[in-house]
Amino acid sequence: RGRLKIAVAAAMAARCRLAARFHHVHGANVRLDASRTRATRVESFANGLCFSQEPLAPGQIFLVEIEEKEPGWCGHLRVGLTALDPQSLEVVPEYSLPDLVNMGDTWVFAITRSHNRVATDGEPFLLIEQVRLPRDTLVGRSRPGRYSHILDDLYKTNVLPATARRSRIGVLYAPQPDGTADMHIVINGEDMGPSARRLPTARPLYAVVDVFASTKSVRVIPVEYGLPSLQTLCRLVIQKHVIHRLAIDGLDLPPPLKSFCKHE
């Protein structure tokens, strides 16, 4: 039984790492980086639709962090799920709300400043029905600066507003006894409750991320389930042997690995 649990955890970890990037089909104003983990809207305020590379498994969260904001626009990030295969779209809609939703089998939630006002309970895991998620990875916090080795304790307790830079927002679905599912949005480690109910589980469900209006750029955050990846183990070793995160810039490492090592 122990070996079976390890095998299941390893399979889930591998699936999550594969899904933790954006689909090559996206809105006209979106530019993805080489790893397809960072999506930037390069002009206007619309045509910023993105999708997960793979359909999500039950209880699997697709988590993004807001990396850049663009002042002057009204509105923020929008996230959700769709049973539409991105590959089948002749044209990616301009907006998730209402365009993609009006195509059917799509559920999208607009993030606002008023979200994420719930105080954390200090528990290391977030429980959503039968789903158990490591809370620390889900929580967005301001990045420490020059004196990060001094400010680490503050860094670990400083939970950001929902629409701020470095805020982390995720979407998942939780299966129900009747064969349907509830969609949940998680903002900085707090479950916002069911945002949509009775989603069909007979069809694959992809994550939807609309890099809309004041949200300029987002980055996918991989969430470890069970066994940590080799990349995560390397990051832990590197972080253990540097004085603070800014010292990582001086290491002889590939830029993507440096960026990964700077984040929790």
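# Close-up views of a predicted model

**View A. Strand β1 and its residue R31.** R31 is found in strand β1, where a strand is a DSSP run of E of at least two residues, numbered from the N terminus. This is a predicted model, in which local features need pLDDT of at least 70 and side-chain atom pairs count only at pLDDT 80 or more, while totals for chains, interfaces and linings use all residues. Residues are numbered from 1 along each chain as its sequence is written, and side-chain values use heavy atoms, with hydrogens and water left out. R31 has a relative accessible area of 45% and is therefore partly exposed, a class that lies between buried (under 20% relative accessible area) and exposed (over 50%), computed with a 1.4 Å probe on protein chains only. Leaving aside neighbours within four places in sequence, R31 is in contact with R38, A39, T40 and V42, contact meaning heavy atoms within 4.5 Å. A polar atom of the R31 side chain lies 3.2 Å from the backbone oxygen of A28. The C-alpha atoms of R31 and S217 are separated by 9.4 Å, although the two residues are 186 residues apart along the chain.

**View B. T40 and its polar contacts.** T40 lies in strand β2, which covers residues 38–41, and T40 is buried, with a relative accessible area of 13%. The T40 side chain makes a polar contact of 3.4 Å with the side chain of R38, and another polar contact, of 3.1 Å, joins the side chains of T40 and S217. Such a contact is a pair of N or O atoms within 3.5 Å; within protein, one must be able to donate a hydrogen and the other to accept it, and residues adjacent in sequence count only if both atoms are side-chain atoms. Not counting residues up to four places away in sequence, T40 touches N29, V30, R31, K216 and S217.

**View C. The open sheet of seven strands.** The strands follow the order β1-β2-β13-β4-β9-β10-β11, with antiparallel pairing. At the edges stand β1 (30–32) and β11 (190–200), each with a single partner strand, so one side of each is left without a neighbour in the sheet. Within this sheet, β4 (residues 62–69) and β13 (residues 215–221) pair in the antiparallel sense over six bridges, pairing being defined by at least two DSSP bridges between two strands. S217 in β13 is the bridge partner of E68.

**View D. Strand β12 and its partners.** Five of the five residues of β12 are buried, so this strand is largely enclosed by the rest of the structure. Y206, V208 and D210 point one way from β12, whereas A207 and V209 point the other way. Strand β3 (residues 49–51) runs antiparallel to β12 and is joined to it by three bridges, with C50 opposite V209. β5 also pairs with β12 in the antiparallel sense, over five bridges, and here R78 stands opposite D210.

**View E. The largest nonpolar core.** This core has 32 residues, and F22, F62, M183, I185 and V209 have the most contacts inside it. A nonpolar core is a set of buried Ala, Val, Leu, Ile, Met, Phe, Trp, Tyr and Cys residues joined through side-chain atoms within 4.5 Å. The largest share, four residues, comes from β10. V209 touches several residues, including F22, F62, V64 and V218.
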